[in-house]
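Good morning, colleagues. Please look at the display first, and I shall then go through its main features.

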Amino acid sequence: MRAGGGAVTRSGSGYGGTGSRLRGWGGVAGMAAACALTAAVTLLPISHGAGAGQAPDAGQGVTRAVATRADTCEDPEASLRPSGAEGPAIEKIKARGKLIAGVDQNSFRWGYRNPATRDLEGFDIDLVRAIAEDILGDPDKVIYRAIPTNQRILALQEGRVDVVVRTMTVTCARIKDVAFSTAYFQAGQQVLAPKESTVKGYDASLAGKKVCTAKGSTAYDALAAKSFGARFEGLTVSNQLDCLVRLQLGEVDAVVTDNALAAGQAAQDPAVELKGEPFTQEYYGIAVKLGSDDLVRRLNQVLDDYREGGDNGPWMKAYGKWLKDDLPGIKKPPEPKYRDN
């Protein structure tokens, strides 16, 4: 693994069999343990409870206005037009003096604990800092709260966080429960499996295989709709990284997740790779509590500025720093879509 992690090695018969073992500082399992140990230092974890539940390319969409409603959901990525005006949600953050952000702390390249510095780092973390700088004038005025995948919506509904910046795909189902900014990244669902696996992608090669997904994820929804005979019920986890650990331990045969996350996991463990092609086209958005229109508009203004500047702009610099090595070929961020009302 890069950034201070040891490589995961295998011995015995087959990938992750009874003779498999993790070496170095513990591979991904070690990273997850280190994150858990350091969470209490700078993160305020959220307790568990019942939650709600195409590859990036050089040209990602065109700015346009569309009419979007949750009931018809013709274009869920369309958001409110940007504005710097303040309202109740912005005033609450300013009065507190801190932005409370729900993030991941163990998704390599996106939101993870650097084992060398103990700091949270990644593409999503850079975006959180940009939001805090815009609203509060200081990128460090953030309270980070680590939340599992299936707690993202509940954390917003219960007011435990102001924003969720955690590789969260904008979907028709989710816009009924939370509000989203415009898209800040384009991803797609893809299969991750050992290099020597007979799994070839999201196809019939999954038949009879044990497949791991995160609870409340679009990957789970995809398998529920079409599993190709894969076994996935009862194999879900709260945090997506746990799927990679299960794969390393031989408890599952494959993982289905966003290719943006899977690329980071493949970078951590050279024994696994992305299989086939992405079979969906999805967009990540910043999620907030329904009704926080002033915050949505402010986030869209932040994102408008974040996308500017071409190769020297904040978005492309963050991409180059965190994602380019594992997800090459992206020439620009996705263009925003706005709705009429």
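I begin with a loop: T167 is found between β9 (163-164) and β10 (178-187). Please keep in mind throughout that this is a predicted model. T167 has a positive phi of about 40 degrees, although it is not a glycine. For context, most residues other than glycine have a negative phi. Is T167 buried or exposed? With a relative accessible area of 6%, T167 is buried, since buried here means under 20%.

R109 lies in the loop that links β5 (106-107) with β6 (111-113). R109 is not a glycine either, yet its phi is positive, at about 80 degrees. Its relative accessibility is 10%, so R109 also counts as buried.

Let me now step back to the whole chain. The protein chain has 341 residues, and 56% of them count as buried. Its secondary structure amounts to nine helices and 16 strands. The accessible surface of the chain is about 13500 Å², and carbon and sulfur atoms account for 49% of that surface.

Four strands form an open sheet in the order β12-β13-β11-β14, and the pairing is mixed. Which strands stand at the edges? They are β12 (211-212) and β14 (272-275); each has a single partner strand, so one side of each is left without a neighbour in the sheet. Strand β11 (residues 189-194) runs antiparallel to β14, and four bridges join the two. In one of the pairs, P194 has V272 of β14 as its bridge partner. Helix α7 (residues 259-268) packs on this sheet, where it touches β11, β13 (254-258) and β14. The direction of α7 makes about 125 degrees with that of β13.

Finally, I come to helix α3, residues 123-136. Just after α3 comes G137, which takes a positive phi of about 75 degrees.

That concludes my presentation. Thank you for your attention.

Key
Residues numbered from 1 in each chain as written. Predicted model: local features only at pLDDT ≥ 70, side-chain atom pairs only at ≥ 80, totals over all residues. Heavy atoms only, no water. Expected span 1.5 Å × (residues − 1). Pairing = 2+ DSSP bridges. Contact = heavy atoms within 4.5 Å. Axes fitted to C-alpha atoms, helices over the stretch in contact; angles between N-to-C directions. Buried < 20%, exposed > 50% of the residue type's maximum accessible area, 1.4 Å probe, protein only. Areas by Shrake-Rupley, 256 points an atom, 1.4 Å probe, with all protein chains shown as cover.
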